[in-house]
Amino acid sequence: MVSAGIHLIRESNAQARDVVTRRHAGSMAKQKTRSNQSASTFSASERHRVTASSLVAIVMGSKSDWETMRAASDTLKDFGIRHESHVMSAHRTPKLAAEFAGAAESRGIEVIIAAAGGAAHLAGIIAAHTTLPVLGVPMKSDALNGLDSLLSTVQMPAGIPVGTLAIGKPGATNAALFAIAILANKRVELKQKLKDFRAAQEKKIRETKLD
Ligand code: AIR
């Protein structure tokens with residue numbers, strides 16, 4: 001699924017692996033010609049599907065998580081943040097997850113948001129393969145309402161941190177806002193947008209009228 005050339009969701013693991021492989025190879029060229037990355041890494045037919053220089057990557061364990069994680073993508077979109085979204089699983093595609101995380105920094109990604117449900121190990125496995133900040137979003141699960149996902153994501157051993165957000169959609173939205181806050185530390189205009197967002201939110205609450 002592609003929206004406004006800003007993000008994509010990988011429906012096939014083979015496709016996602018292809019992107020990682022191409023991008024990893026491309027990262028070598030990118031180190032030499034960083035400003036020309038999209039032109040040198042991707043063919044013309046691919047360019048509509050892949051963001052040239054995403055700042056944030058959203059990864060999730062299953063397409064079934066997308067309904068929830070769309071909130072993260074939409075929030076990033078609202079702030080004009082270049083990002084991409086992929087399906088990959090700590091258990092079903094462990095190599096892909098490791099490769100993706102290992103290549104992310106050299107591709108220019110600055111924050112990774114990782115979502116999974118149940119035995120939710122994706123954020124942990126991603127964090128194990130990169131020193132980029134990794135934000136975990138536990139998905140609501142049928143069996144235990146997301147408590148399993150929360151504990152699996154949050155209880156990382158000392159040394160490999162995952163910044164864990166709330167279960168479900170609030171967590172997805174806040175993961176995006178957290179990523180924006182990280183990016184905003186070095187981007188004055190983005191910091192201002194974040195302050196404006198907070199001010200608008202406060203105004204809305206203050207003006208709330210009850211029947
Ligand atoms: N999952 C996928 N691989 C490992 C895990 N923990 C999670 C997904 C999803 C849940 O399993 O993140 O939340 C159910 O996935 P599915 O594909 O059966 O709908």
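Predicted model: local features only at pLDDT ≥ 70, side-chain atom pairs only at ≥ 80, totals over all residues.

Modeller: Ala71 sits in helix 3. With 19 other C-beta atoms within 10 Å, Ala71 comes out as partly exposed, because the cut-off for buried is 20 or more. Across from Ala71 there is Pro170: the two are 99 residues apart along the chain, yet 8.3 Å separates their C-alpha atoms.

That pair brings us to the helices themselves. Two packed helices are described by the angle between their axes and the distance between the axes. Helix 3 covers residues 66-78 and helix 7 covers residues 169-184. Their axes are 7 Å apart, and the packing angle is about 30°. Angles under 35 degrees count as roughly parallel, so helix 3 runs roughly parallel to helix 7. As for handedness, helix 3 passes helix 7 in a right-handed crossing.

Now follow helix 7 to its other partner, helix 8. Here the axes are 8 Å apart and the angle is about 140°. Roughly antiparallel would need an angle over 145, and helix 7 and helix 8 are therefore oblique to each other. The crossing of this pair is left-handed, whereas the one between helix 3 and helix 7 is right-handed.

Helix 8 deserves a moment by itself. It takes in residues 188-206, 19 residues in all. From the first C-alpha to the last, helix 8 reaches 27 Å, close to the 27 Å expected at 1.5 Å a residue. How many of the 19 residues of helix 8 are buried? The number is zero, so helix 8 lies largely in the open.

One is Asn145, in the loop between strand 6 (134-139) and helix 6 (147-154). Most residues other than glycine have a negative phi. Asn145 has a positive one, near 60°. Asn145 is also exposed, with 12 other C-beta atoms within 10 Å.

The other spot is the ligand. There are 15 residues around the ligand, and those that come nearest are Gly61, Ser62, Ser64, Ser89 and Gly117. Sorted by class, the shell holds seven polar, six nonpolar and two charged residues.

Conventions:
Residues numbered from 1 in each chain as written. Near = placed C-beta within 6 Å. Nonpolar A, V, L, I, M, F, W, Y, C, P; charged D, E, K, R; others polar. Helix = DSSP H or I, 4+ residues; strand = E, 2+ residues; numbered from the N terminus. Expected span 1.5 Å × (residues − 1). Axes fitted to C-alpha atoms, helices over the stretch in contact; angles between N-to-C directions. Parallel < 35°, antiparallel > 145°, perpendicular 65-115°, else oblique. Left-handed = near helix turned anticlockwise from the far one by under 90°.
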